[in-house]
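Open your viewer and keep the sequence panel at hand. We will hop from one selection to the next, with a short note at each stop.

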Amino acid sequence: MKSFFNVEDIGDLKKALAEAKQVKSTPFAWKNLGENKTIMLVFFNSSLRTRLSSQKAALNLGMNPIVLNIGQDSWKLETSMGVVMDGDKSEHIKEAIPVMTSYCDIIGIRAFAGLTDREYDYNETILRQFIEYGGKPVISLESATVHPCQAFADLITIDEYKKKDRPKVVMTWAPHPKALPQAVPNSFAQWMNAADVDFVITHPEGYELDPRFAGNARIEYDQMKALEGADFVYAKNWSCPGTTNPGDYGKILSKDMGWTVDERHMAVTDNAYFMHCLPVRRNMIVSDAVIDAPSSLVIPEAANRVVSAQVVMKRMLEDL
Ligand code: CP
């Protein structure tokens, strides 16, 4: 595997899930694979789970992880081309990327969407620069439009807890005080569309995901109707993707607290499990009662981030 952004990069999902089971049951079985290999984990934005699970996955494979926080541990990096660098950015990404990749065998990048320029974000401009100037395998650790390590961990979790061959999975938008990127819902939609599940997306009008991610998923604007009979409820906030109105890209169109997932919502499901990628705003996205219930999978879901990262890194090491 040379890069990991999209569901297609992992290939056959049944095979990937079987490999995930193996990795989870015997995490140290490939301890020699990463010997004398280095992975660099570059963070332009904050992280708890991605940073720690990626390091743990690398260590399980015998690799040396190096973590770099851009702008804190390093110089501030300029990412736009052709600019006069007379501001606060001391180094250009065009030099910084090949320097960083000269020190490692695999590189992981976290670089969120700026949410001001849809074209810049949806072209994955920063990630593409790492591919173009780096020459090493690249993992998206949540880039402008995708968060594949999260979506793979979500799929692993659904596969572990499902009680039906083809469960109903509902992704519901929920309110949040700040404008958030679409990377998590984009990837979740992309992966659920590829998986053997009955997938429904529910959100207020105006929050339609880009068709390249929403695919053929069923869209239901009535949240309660969407949740009827659900086996898994996946809550997430996202800002306006600008799909129908590009001028609204990155804006908050609704803060309707009626969309906060609470016991009233869970009551119409088929005893559904609750999922969220974390971090989560309690009593904005989900009520205390729902996230604290035994049917909440947020902790096992986060734990599976090590498994998804390890499968991806293992495949990259095998292909070096
Ligand atoms: N879910 C997730 O990516 O968490 P972090 O932002 O803490 O890494």
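Start by selecting N36, in the loop between α1 (13–25) and β2 (38–43); helices (H or I, at least four residues) and strands (E, at least two) are DSSP runs, numbered from the N terminus. The phi of N36 is near 65°, a positive value in a residue other than glycine. Most residues other than glycine have a negative phi, and most peptide bonds are trans.

Before moving on, note that this is a predicted model, in which local features need pLDDT of at least 70 and side-chain atom pairs count only at pLDDT 80 or more, while totals for chains, interfaces and linings use all residues. Residues are numbered from 1 along each chain as its sequence is written, and side-chain values use heavy atoms, with hydrogens and water left out.

Next, select L278 and P279: a cis peptide bond joins them, with omega about 0°. P279 belongs to the loop between β12 (273–275) and α11 (288–291).

At Q150, an N or O atom of the side chain lies 3.0 Å from a nitrogen atom of the ligand. The protein buries 93% of the 250 Å² that the ligand exposes when taken alone (Shrake-Rupley method, 1.4 Å probe).

For the last stop, select A111, F112, A113, G114, Y120, D121, E124, T125, I126, L127, S143 and A144, which line the largest cavity (on a 1 Å grid over the protein atoms alone, a set of points where a 1.4 Å probe fits but cannot get out; lining residues have an atom within 4 Å of a point). How much space lies in this cavity? About 60 Å³, as the space filled by probe spheres set on the points, which are joined across faces, edges and corners. Colour α4 (118–122) and α5 (125–134), as each supplies at least two lining residues; the largest share, three residues, comes from α5.

Methods:
A polar contact is a pair of N or O atoms within 3.5 Å; within protein, one must be able to donate a hydrogen and the other to accept it, and residues adjacent in sequence count only if both atoms are side-chain atoms. On a 1 Å grid over the protein atoms alone, a cavity is a set of points where a 1.4 Å probe fits but cannot get out, and a pocket is an open set with protein on both sides within 12 Å along at least five of seven lines; lining residues have an atom within 4 Å of a point.
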